[in-house]
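Hi,

Here is the structure you asked for. My notes follow below it.

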Amino acid sequence: MTKITIIGAGPGGYVAALKAAILGADVTLIEKDKLGGTCLNRGCIPTKALLAGADVLGINDFSEISKRKDSIVKQLVGGVGFLTQNRRVKVIQGTARLTSATRVSVAMEDGSSQTVEADKIILATGSIPAVPGFIPYDGDLIMTSDEALALETLPDSMTIIGGGVIGCEFGQFYARNGVKVNMVEMMPHILPEEDDETAKVLAKALKKDGVQIYAGTKSERIEAENGKVHVTLSDGTILESDKLLVSIGRVAFTEGLGLDAVGIKTEKGKIVVNDKMETSVPGIYAIGDIVDTPLLAHVASREGMAAVENALGGSRSVSYRAIPRCIYTSPEVAAVGMTEKKAREAGIQVEIGQFAFSGLGKAMVINETTGFVKIMTDENDVIIGASIVGPHATDMISELTLAVHVGMTAETLGDVIHPHPTLSEAIMEAAHDVHKQSVHSF
C-alpha cells in the first residue's frame, strides 16, 4: 500500500487526502491549524456567511451574523473531520518540515516531534495575505482579511486598500452595516482583472451602498496614530478612518517547509511543478496557492486530485482553460475564460453576445433585474469566455464553464432548450445575440 503524506489540510490538501484514501493509499494529513485551511476558517466560507447573513437572511445585528458565521464554520470543519476519520486518514496536528524526499518531521504543540515516512509527499500549505513593507501592519488598526473576520464589533469607518474580490465583498458588507467605507484601487477600475462593463455595474452598486471609490490612484503614505489611520493618496487626498483593511492579494506560504533542504526549485516565491503537479524532486508534488496557478479553492482541489492520481502511477494533468471566478457581492459577479479586453489584446477576432436581466420575466418576479450575461466567441464561434453580473451569477457560471471547457460554439449553446421562466434563459439569449438573433433583446 502506497504511503502518501500531505502537508496542509485546506481545500487542496484535505481533498487530496480523501481522494488518496478512496484510491486505496495509506494517507497521513498534517495540519498546523484547523482542518479546512484558510478557505474554510478564514476565507471563502466565513466571508460568504457574513454576506448571506446580512443580505439573504436579513439579519441586521452584527453579533448575530458573526455567531451564525462561526457556527457554520464549526459545522463544516467538523464535517471534514468526520470524512477524514471515516476514510481512515491519519490526521496529525503540528508544523511539518521536509527532511528528505520521503521523510517529514512534525513539530507538535507540546514541544515534541515525530517523523513520518512516506512513499510520496504532496505539499498544500496555501497562502497568507500580502502586506507590503511600507504599510505599518499591526493586526489591529491595520488589518488583513484574517483579523477582519475576527472583529467583534464594527468600526464607524474603514479604508480598504485594494478593489479586488476581497475588498469588494468586505466593502459592501461593511457599508450595508453602517460603516463609512473608502476603497482605494490603483488600477482604473475595481475588479481590474474582470470585464470593464461588469466592473462598472458593481461599482455603481457599491456607490449606491455608500462605498466611496478612489480608482486610478495609489496610497502614497499610510500612518496609524492616536487610534486612527491616515492614508495619503497620490492626488493629495487624505483619508481618515478607524480601521484599514489591506486586501491587495495573497502570497504563497512555504516558510519553514524545508524546500531548500531537499532541493525543491522555486521561482518568484512559487514552487515549480510540471504538468503532473510534481516538483523538481521526484515523488514530491505541490498544489494550490504555492504553485503558479490561480489562487482559488476549487483550483487547489482539482490539482490535489490530479496529484494523487499521479502519485499512484496515473497520468493526469489539469486544464486551466475554464476556471470559474466568483465574487459574492450584490449583484454577484462571475466569469470564466478570457475577458473581452484580453481576447482582443491576444489578436482574437471577438464576437459578443449580451442579454440584460431586465428583459427576463424571472428576474422581474424576484425583483433582481440589474446586470447581464456576456458571451465572447472567436472567429470559429467557439465560446472563449463569459461574464455574468446579476442574480445568482455564481451558480449560473457553471453552464458557461462547461461550454468553455469543451469548446462549445455559441450556436450549439443557443440550441439548448432552457426552462422558462428562469434566470438561465439569459445565457441562451446571450448565445443567440452573438449572431444578433436574440428575439427578446431590446
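N41 sits in helix α2, residues 37-42 (helices are DSSP runs of H or I, at least four residues; strands are runs of E, at least two; both are numbered from the N terminus). This is a predicted model: local features need pLDDT of at least 70, side-chain atom pairs count only at pLDDT 80 or more, and totals for chains, interfaces and linings use all residues. Residues are numbered from 1 along each chain as its sequence is written, and side-chain values use heavy atoms, with hydrogens and water left out.

N41 counts as buried because its relative accessibility is 15% (buried is under 20% relative accessible area, exposed over 50%, partly exposed in between; 1.4 Å probe, protein chains only). Beyond residues up to four places away in sequence, N41 touches K34, L35, G36, P46, V73 and V77 (contact means heavy atoms within 4.5 Å).

Next, the cores. The largest nonpolar core has 46 residues (a core is a set of buried Ala, Val, Leu, Ile, Met, Phe, Trp, Tyr and Cys residues joined through side-chain atoms within 4.5 Å). Helix α1, residues 13-22, gives the most to this core, with 4 residues. Apart from it lies another core of 33 residues, among them L151, F173, I190 and V211. V104 is one of the residues with the most contacts inside the largest core. Leaving aside neighbours within four places in sequence, V104 has contacts including I7, I30, L98 and I121.

Last, a sheet. Three strands form an open antiparallel sheet in the order β13-β14-β15 (strands pair if DSSP finds at least two bridges between them). The edge strands are β13 (219-225) and β15 (238-241). In β15, L239 stands opposite V231.

Best wishes
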